[in-house]
Amino acid sequence: MKNSNIVTEVTEGVQRIEIRRPEKKNALTVGMYAAMADALLQAESDPAVRVILFHGQADIFTSGNDIADFLQNPANSEDSPVFQFLRGLMYAKKPILAAVTGRAIGIGTTMLLHCDYVIAGESAEFSLPFVNLALCPEAGSSLLLPLVVGQKRASELLLFGDKVSAAEACDIGLINTVVADVDVGTHALAKARILAAKPRASLLATKALLKRAIVPLVEKAMIEEAYEFSDRLSSPEAREVLSAFLEKRRPNAARPD
């Protein structure tokens, strides 16, 4: 599916997938998810592509879901574009890199858990505000995040939803490295080209071996999260919090469903 907010380009074995909606802080719509899912499928089937690289703009990676679009088009089916995209990340055979500048909120952070190498600029920020929005984790993050950063740290990140700096994200293993903001794109493309030049079969076999034990567990977690997320999304609590977000007001006190 074509979408002007998702731009792809293949050069020297690297397929770049750019999130380009700066006027809306790169907030993701259903159409953008569909386009990214298609881009992943294209990259996997194209023999000219050896590595996939995600990036946003200089001042924003993505602010997460476009709330208005998400409420109108909830991801209430495993066939929805959101899950097609997440499955594409989860089952990708080729290495996936991400270059993060600016904020990476919600799915902007959880999608990084599926990437093989993540580079961030010094001013990058990461946050998982699901509970603050009366929702719950997604993208298999309830399983992957504790494995990456440890149970206690994962609980802190998911329960409080506080911002994490690039330096801290690197310290806890959420990302691989931090460079100057202006160098992120160049550094990420250089790393992608290094991988693209390596023996292809060996590269794919190594990634497959690294993921072989965890993928079935991630898929199960992702499905369980999806059902809970759907329940949370339809709850009065979430409706009030998300409506308040759209109306730029403070939500009424949280109440039980």
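Q: Is leucine 159 buried, partly exposed or exposed?
A: This is a predicted model. Leucine 159 sits in helix H6, residues 151-160. The cut-off for exposed is over 50% relative accessible area. Leucine 159 has 56% relative accessibility, so the residue counts as exposed.

Q: Which residues make the nonpolar surface patch of about 310 Å²?
A: Leucine 159, in helix H6, is one of them. The patch covers about 310 Å². Its members are Val131, Leu159 and Phe160.

Q: How does glycine 185 count: buried, partly exposed or exposed?
A: Glycine 185 lies in helix H8, residues 184-196. Buried means under 20% and exposed means over 50%, with partly exposed in between. Glycine 185 has 46% relative accessibility, so the residue counts as partly exposed.

Q: What distance separates the C-alpha atoms of glycine 185 and leucine 209?
A: Glycine 185 belongs to helix H8. Along the chain, leucine 209 is 24 residues apart from glycine 185. Their C-alpha atoms are separated by 29 Å.

Q: Which strands stand at the edges of the open sheet?
A: Four strands form the sheet, in the order S4-S6-S8-S9, with mixed pairing. An edge strand here has a single partner strand, so one side is left without a neighbour in the sheet. The edge strands are S4 (60-62) and S9 (164-165).

Q: Which residue in S9 stands opposite phenylalanine 126?
A: Strand S8 spans residues 125-127. S8 and S9 pair in the antiparallel sense, over two bridges. In S9, the residue opposite phenylalanine 126 is valine 164.

Conventions
Residues are numbered from 1 along each chain as its sequence is written. This is a predicted model: local features need pLDDT of at least 70, side-chain atom pairs count only at pLDDT 80 or more; totals for chains, interfaces and linings use all residues. Side-chain values use heavy atoms; hydrogens and water are left out. Two strands pair if DSSP finds at least two bridges between them. Patches are made of residues with over 30% relative accessible area and no salt bridge: like charges are joined within 9 Å, nonpolar side chains (Val, Leu, Ile, Met, Phe, Trp, Tyr) within 5 Å. Accessible areas come from the Shrake-Rupley method with a 1.4 Å probe; for residues, only the protein chains shown count as cover. A salt bridge is a side-chain nitrogen of Lys or Arg within 4 Å of a carboxyl oxygen of Asp or Glu. Buried means under 20% relative accessible area, exposed over 50%, partly exposed in between (1.4 Å probe, protein chains only).
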